[in-house]
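Dear colleague,

I am passing on a structure that you have not worked with before, together with an account of what was found in it. Please open it alongside this message and follow the points in turn.

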Amino acid sequence: MSESAQRLLSRARECAIAGRDQEALSAVSEALALAPEQPASHYAAALVFAGLGRATEAETAFRRALALDPAGADPVFGLVQLLLSLGRNQEALQLVEQGCRLHPDDARGPHLLGGMYLDQGLLDGA
């Protein structure tokens with residue numbers, strides 16, 4: 001990803017945290033225009049969108065990041081967390097199980113999976 005796209009995404013995160021939503025969205029749009037084929041730009045955009053409560057855009061950006069890099073751990077586990085926040089538990093469960101198979105050394109997978117199993121009363125799985 002270009003340095004200018006990285007700077008824009010950093011600015012977008014800072015603006016989102018500060019509550020300057022329009023500036024954050026503008027910076028995300030500019031960054032995506034500069035680096036449309038970079039999974040990292042879509043992942044970063046997804047985080048900004050999620051932080052702004054824009055779940056539809058966040059999901060789209062997570063899925064685009066995954067389409068560009070199907071083995072990406074960050075977008076997989078980010079999307080799982082988003083799906084859980086939306087109450088789409090079954091879809092999240094399938095995705096986290098897939099993420100655990102693809103990334104067996106990533107601690108986020110077992111952590112998320114164990115919590116999901118506990119929430120669903122699947123104690124043997126947890």
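To begin with a question: in a left-handed or a right-handed crossing, how does H6 pass H7? The crossing of H6 past H7 is left-handed. Please keep in mind throughout that this is a predicted model. Helix H6 covers residues 89-102 and helix H7 covers residues 108-119, and their axes come within 9 Å while crossing at roughly 145 degrees. On the H6 side the meeting residues are Asn-89, Ala-92, Leu-93, Val-96, Glu-97 and Cys-100, and on the H7 side they are Gly-109, Pro-110, Leu-112, Leu-113, Met-116 and Tyr-117. Sorted by class, this contact of H6 with H7 comprises nine nonpolar, two polar and one charged residues.

H1 passes H2 in a crossing that is left-handed. From H1 the contact draws on Ser-4, Ala-5, Leu-8, Leu-9, Arg-11, Ala-12, Cys-15 and Ala-16, while from H2 it draws on Glu-23, Ala-24, Ala-27, Val-28, Glu-30, Ala-31 and Leu-34. By class, the residues of the contact of H1 with H2 are eleven nonpolar, one polar and three charged.

H2 also packs against H3, at an angle of about 165 degrees and with the two axes 10 Å apart. That angle makes H2 roughly antiparallel to H3. Here too the handedness can be stated, for H2 passes H3 in a left-handed crossing. In this contact Ala-24, Leu-25, Val-28 and Leu-32 of H2 meet Ser-41, His-42, Ala-45, Val-48 and Phe-49 of H3. The contact of H2 with H3 contains seven nonpolar and two polar residues, and no charged ones.

The C-alpha atom of Ser-41 lies 11 Å from that of Pro-75, although the two residues are 34 residues apart along the chain.

Just after H3, Gly-53 takes a positive phi of about 75 degrees. Arg-54 is placed in the loop between H3 and H4, and with a relative accessibility of 32% Arg-54 counts as partly exposed. Once its neighbours within four places in sequence are left aside, Arg-54 is in contact with Leu-25 and Phe-49. Leu-25 and Phe-49 are also among the residues that take part in the contact between H2 and H3.

Conventions
Residues are numbered from 1 along each chain as its sequence is written. This is a predicted model: local features need pLDDT of at least 70, side-chain atom pairs count only at pLDDT 80 or more; totals for chains, interfaces and linings use all residues. Side-chain values use heavy atoms; hydrogens and water are left out. A crossing is left-handed if the near helix is turned anticlockwise from the far one by less than a right angle, and right-handed if clockwise. Helices (H or I, at least four residues) and strands (E, at least two) are DSSP runs, numbered from the N terminus. Contact means heavy atoms within 4.5 Å. Ala, Val, Leu, Ile, Met, Phe, Trp, Tyr, Cys and Pro count as nonpolar, Asp, Glu, Lys and Arg as charged, and the others, Gly among them, as polar. Axes are lines fitted to C-alpha atoms, for helices over the stretch in contact, and angles run from 0 to 180 degrees between N-to-C directions. Angles under 35 degrees count as roughly parallel, over 145 as roughly antiparallel, 65 to 115 as roughly perpendicular and the rest as oblique. Buried means under 20% relative accessible area, exposed over 50%, partly exposed in between (1.4 Å probe, protein chains only).
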